[in-house]
Structure formats: C-alpha cells, structure tokens
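Hi everyone, thanks for making time for this. I would like to walk you through one model and some of its details, so please have it open on your screens.

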Amino acid sequence: MKIREFGVEIWMNQYENHCKYNLAETCVESLTIDQLLTMAGKKEAIISELLPMKLTYGAIEGSDRVRNLVAGLFTSMKKENIIITHGAIGANALLHETLVEPGDRVVSVLPTYQQHYSIPESYGADVRILKLREENNFLPDLEELKSLVGDKAKLIAINNPNNPSGSLMDRAFLEKVVEIARSCGAFLLCDEVYRGIDQDGDGFTVSVADLYEKGISTGSMSKSYSLAGLRLGWIAGPVEVIQAVSIHRDYNTISVGMINDHFASIALENKEAILERNRNIVRSNLAYLDQWVAQEPRISYVKPKGATVALLKYDFDMTSRDFCVRLLESKGVMFTPGSALDVEGYVRIGFANNPAVLKEGLAKVSEFLSELES
C-alpha cells in the first residue's frame, strides 16, 4: 500500500522543537497531572488508586468506566456504541480501514485532517473532494456535496468544528448534510475532536452520531480536554460499525494503556471544570487574535466559530512554506503552512496556547510583516 506523506505531521516533526513561540499547536494549553488531580479535588485518593495498579493489559475495548463516560457526551449513545482507540488518529484510521474498499466512493471536504482523503485514496477508493471556500465561510456547498455524493457514495467524511478553518456547521446545517447522506445510505463520519469548546453557548455542537442512524463520531482527550499525552480517543456510532471496527482493531491495538484509561476517566468525570477552563482560554485568545488581525492590513481571515485554529490569509507574493520558514528563522514563531494542508495562500495558527505565548508571538509576527513590507 502506498500513501502520501502526511503534510502536517512532517512539518511538525521538522520544526516543532526549534521554535520559541509555537503558534502551530492545535491543543488547548495542556494540563499537568497536578492540575488534573487538583480539578478532581481528590489528589491523594487518586494517587493511592494508582500505586497498587497492576500494569497488565487493560479492558480490550476500553474500561466500562471510560466507555460510559464517553457515551455521556452524546444524547443517544450507550456503552455498546463506544470503542476506545489510540487517539482520534487511531479512530479515524480504523474507520477508513473498516469501511472503505477499492472502488468505493468516498466524499471528503478539503481542507480537513489529511487522514480523511489520503487513507481512502491509498485503499483504491474513488475519492471526491469538496473544496471549502472562503467566500462560503469554509462551509460545504450543499448542492456541490449532493452532486459529489450522487447515489453511489459509501462514506462522507467531514470535520466539525473544522480543522484548519475553525468553521462550524450548526444543527440545522448538519441536518441537511444528514439528508444528503441518507438519500444514498452513505455512512457519515464526522471528526469531532474540537467539540465542546465552540465560541458560543455551552461549546457543544450536536454530534452526527445523535442525528443519523449511520452517523459516526470520532473524538479524543487531546484538543478540547488538553490531555494529548494520554493518546486516548474513541469512536461513537452504530453497534454494527463498532463490532466491525473491533475486528480490525484487534490487529493493531489490543488495549489502550491502563493509566491512560484511568486518567481519561478522571478527566471526563470532571469535564465541566476542564471545559470551562478551556472555553475561557479559546474565547479570550480568539478575541485577542481578532483584534490583532484587524490591525494588520496584509492579514485577513474568516473568524472561527469553533476549534482552536484559524486560517490566516496573507497578502505577500510567496508560498506559504516560504512565509512560515522565514518567520520561524527570523522571529522564532511557528505557524503551519497552508501547503501542508493542501490549501495554498494561507497559514494556520493555533490560538489556544498560553495567552502570553500568543501575545508575544503575534507581536513578533507583526515585526516580521513590517520587515516584509520595507
């Protein structure tokens, strides 16, 4: 099997450890173990639970505790609808491996997380790309989606909130996407790793797993919950899909780590405290970014409604990679070039890190922009 290089991951691997201001980071400012246990309010009790833990294989599909907690993030899911994976990246890979065969029509949006089109391409699928456009606020054109889906699509892959644009499909919009999927019986896979930290309300957009009998949601502890180091994610969907995924999962996962499962359970039992912290970070940081964009005449964007990322459009005659490399080398600030996301002319910023890092980093970017103009 041949597969394209993963643009974002190659960029991160090459430069992430060589920057002073990492504005390419896509997770909300990571929690320490001490912060997590303090939020839980029973630090000593949790430590005492860990010390006698025997580090054998954990529950194969995830502990009942964590699966029930993940199910609680939805309105119609039960434990049987949940399987625990090695991050959302593992969840997405397993679903494509399970559902996609050579010749199947798969419709994916772009830009999105590259897994959702490169993996099915590698399996010989007939992948149709729906380009998200700035003039549509990076939301799918529903008529174009309907045309690409036709009566043959087996799988539609979307991402909500969207990475890298931060665009957000609300319930009414998602119901229209569901109608299109249902018209041909396609599975609807929605990568929902940023769910819970939207800019408005309680931060939770409805999940496709709660809207559609063939809707499948993937998520993780990484982005919205600030615990990427746990490497724990999940699939929520129809029982028959979970059972089919389990067959493939046995070949590459066995179980996630017992400690990872344990800490994820603690976090989800205290999700209100974590998400309140994280919504405060993303909302205040985005307000600052919005002010900064308004003051930079050569930078524009569509203001995100969710997620931790935005696409910044720059008005300079250079490739996005050249822009990012020169910025990194001269100012120590790291963005992600749009070319790594198959969308040239933009750079992706992650704005949910430490507020001081964001403010200092953007000041350095302003210096860089001034030097480009001179």
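I'll go from the cores to the cavities, then to salt bridges and a few backbone details.

Some ground rules before we start. What you see is a predicted model, in which local features need pLDDT of at least 70 and side-chain atom pairs count only at pLDDT 80 or more, while totals for chains, interfaces and linings use all residues. Residues are numbered from 1 along each chain as its sequence is written, and side-chain values use heavy atoms, with hydrogens and water left out.

Let's begin with the nonpolar cores. By a nonpolar core I mean a set of buried Ala, Val, Leu, Ile, Met, Phe, Trp, Tyr and Cys residues joined through side-chain atoms within 4.5 Å. Buried is under 20% relative accessible area, exposed is over 50%, and partly exposed is in between, with a 1.4 Å probe and protein chains only. As general background, nonpolar side chains in soluble globular proteins tend to be buried together.

Which residues touch the most other members of the largest core? Among its 104 residues, they are Ile-158, Met-221, Trp-234, Leu-289, Phe-323 and Phe-335. Helix α11, residues 271–295, gives the most to this core, with 8 residues.

If you zoom in on Phe-323, you can pick out its contacts, meaning heavy atoms within 4.5 Å. Leaving aside residues up to four places away in sequence, Phe-323 touches Tyr-314, Phe-316, Met-318, Phe-335, Val-347, Phe-368, Leu-369 and Leu-372.

Strand β7, residues 215–220, gives the most to the lining, with 4 residues. By class there are 6 nonpolar, 4 polar and 2 charged lining residues. In that scheme Ala, Val, Leu, Ile, Met, Phe, Trp, Tyr, Cys and Pro are nonpolar, Asp, Glu, Lys and Arg are charged, and the others, Gly among them, are polar.

On to charges. A salt bridge here is a side-chain nitrogen of Lys or Arg within 4 Å of a carboxyl oxygen of Asp or Glu. The whole-structure search gives 19 of them.

One joins Glu-175 and Arg-171 at 3.2 Å, N to O. Both residues sit in helix α8 (171–184), 4 residues apart, about one turn of the helix. Glu-175 is partly exposed at 35%, and Arg-171 is partly exposed at 47%.

Another pairs Arg-182 with Glu-213 at 2.9 Å, N to O. This one links distant parts of the chain, 31 residues apart: Arg-182 is in helix α8, and Glu-213 is in the loop between β6 (187–191) and β7.

Arg-298 and Asp-315 also meet in a salt bridge, at 3.4 Å, N to O. Arg-298 lies in the loop between α11 and β9 (299–301) and Asp-315 in the loop between β10 (309–314) and α12 (320–331), so the pair ties together parts that are 17 residues apart in sequence.

Last, the backbone. Where are the cis peptide bonds I'd like you to look at? One joins Leu-110 and Pro-111, with omega about 10°, and Pro-111 is in the loop between β3 (105–110) and α6 (115–122). Another joins Asn-163 and Pro-164, with omega about 25°, and Pro-164 is in the loop between β5 (153–159) and α8.

Finally, Arg-231 has a positive phi of about 50° although it is not a glycine. Arg-231 sits in the loop between β7 and β8 (233–236). Asp-342, also not a glycine, has a positive phi of about 60°.

Key:
Helices (H or I, at least four residues) and strands (E, at least two) are DSSP runs, numbered from the N terminus.
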